[in-house]
Amino acid sequence: MRFLALFVAVCAAGCSAPERNAAGDASAGRVAIERHQCGACHVIPDIVDARGDVGPPLADYGRRVYLAGKFPQDPALLERWIRDAPSLEPRTAMPRTDVTEREARDIAAYLRRLR
Amino acid sequence: MMHADLSRLPQSALDPASDPAWLIHQLGLVLYIGTGAIFVLVMALVLYGVLSPPRRVDARAWVIGGGIVFPVAVLTALFLYALHVGHALSVAPARAADIEVTGRMWWWDVRYNDAPSGAAVALANELYIPVGRPVEVALRTRDVIHSFWVPALAGKVDMIPGRTNRLVLHAREAGTFRGQCAEYCGMQHAWMALHVVAVPENEYRAWLERQAAPAREPDDARLRRGRDLLLRENCDTCHTIRGTRAAGTLGPDLTHVGSRSSLGAGRLDNSVATLAAWIAGSQSIKPGNLMPSYTAYSGEELRLVAAYLASLK
């Protein structure tokens, strides 16, 4: 019985989604990018069917100095941009999305890894 | 109605959800099992012939029995069975069809005739049908040969220029079933999908009534601006929005486009974002389709037009 309790305790500490943290989970981000069909507008590496030409290609997004060509890179800002770009730049063509906060964090993590 | 993941909808003839689909599945099962059994039997005879000690057999009896009598009996039985299934699936065009579906390169024009109001109901790439009642569908094409195939509900029926073919959809259970053009029809054949949504009768009636209504004048000034921008770029040359001056017929009716689950015949899930993507990038998203990519809108204007279309529920 004690062994079982120990096993459960170890598992609870070690087995529960180690990649998930405040910084976002890039592999979950990839799933979210496909689900929200970001590729309809953007070229995104390793995303199925992401060949859009409406928005900028995101091929090496992790190396971009400015977000949307005008905002210094900042994780919170990128997450806000993904969910509600017009609130940052009223003239953008990128609409508000129904991406959740959690998904935005994961998508941002995926984009930052593109170098 | 939200459709979370269109790509995972059932689209299999092995998972029938209607009586005709079940008849076809049954015919399939008889063939898979029957041919499997005959194959095993023949292989067993071959092995026996090779491995058993030599002895005299009655060759004439084997040739006549196994080579003539057996195949004639099996094929005759199968022929009669297939005739029976074909007869059960065929439709006598005794009355007006409930739904008219016209294949276009590369989408489905859908019209309903039995709206209680008598108003025209037109939409695209999506059919609602009531559960538990047969619905007759007239199938036509405006251009090349297409084939209407919703495997869970019925066999495939070709749409042939100059002809009207008929099909009965009779869903046993509620659900959303994916269909697909099953006759190669050009560059975007693979992206010519449709969805059949089977709902209880009262829901079906309510849906039909909503679809029959014209588009409402938007309350929101931004949405009105989106509508005006849409007319400014002459979207009405190809599209109809009942309740506005847009009355084009080259492209899908957009009166309630916001209520539909997909864009571009299953190409994209429907949302404000994908609507904007489609307007500005339809040629990169579905190359060769009749709609040009509209690149004249400013970013803000594009969002307003997309928001207006999404509001047409």
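Trainee: Which residues are buried in helix 4 of chain A?

Mentor: This is a predicted model, in which local features need pLDDT of at least 70, side-chain atom pairs count only at pLDDT 80 or more, and totals for chains, interfaces and linings use all residues. Residues are numbered from 1 along each chain as its sequence is written, while chains are lettered from A and ligands numbered from 1 in the order in which they are written. In helix 4 of chain A, the buried residues (20 or more other C-beta atoms, placed from the backbone, within 10 Å of their own) are A:Glu103, A:Ala104, A:Arg105, A:Asp106, A:Ile107, A:Ala108, A:Ala109, A:Tyr110 and A:Leu111. Helices here are DSSP runs of H or I, at least four residues, numbered from the N terminus.

Trainee: What do the buried residues of helix 4 of chain A pack against?

Mentor: They pack against helix 2 (26-35) and helix 3 (75-84) of chain A. Nine of the 12 residues of helix 4 are buried, so the rest of the structure largely encloses this helix.

Trainee: Next topic: how do helix 1 and helix 2 of chain B pack?

Mentor: Helix 1 (residues 19-51) and helix 2 (residues 59-89) of chain B pack at an angle of about 170°, with axes 10 Å apart; axes are lines fitted to C-alpha atoms over the stretch in contact, and angles run from 0 to 180 degrees between N-to-C directions. That makes helix 1 of chain B roughly antiparallel (over 145 degrees) to helix 2 of chain B.

Trainee: Which residues make the contact?

Mentor: B:Pro20, B:Leu23 and B:Leu27 of helix 1 of chain B meet B:Ala82, B:Val85, B:Ala88 and B:Leu89 of helix 2 of chain B, contact being C-beta atoms, placed from the backbone, within 7 Å.

Notes:
Helices (H or I, at least four residues) and strands (E, at least two) are DSSP runs, numbered from the N terminus. Two residues are in contact if their C-beta atoms, placed from the backbone, lie within 7 Å. Angles under 35 degrees count as roughly parallel, over 145 as roughly antiparallel, 65 to 115 as roughly perpendicular and the rest as oblique.
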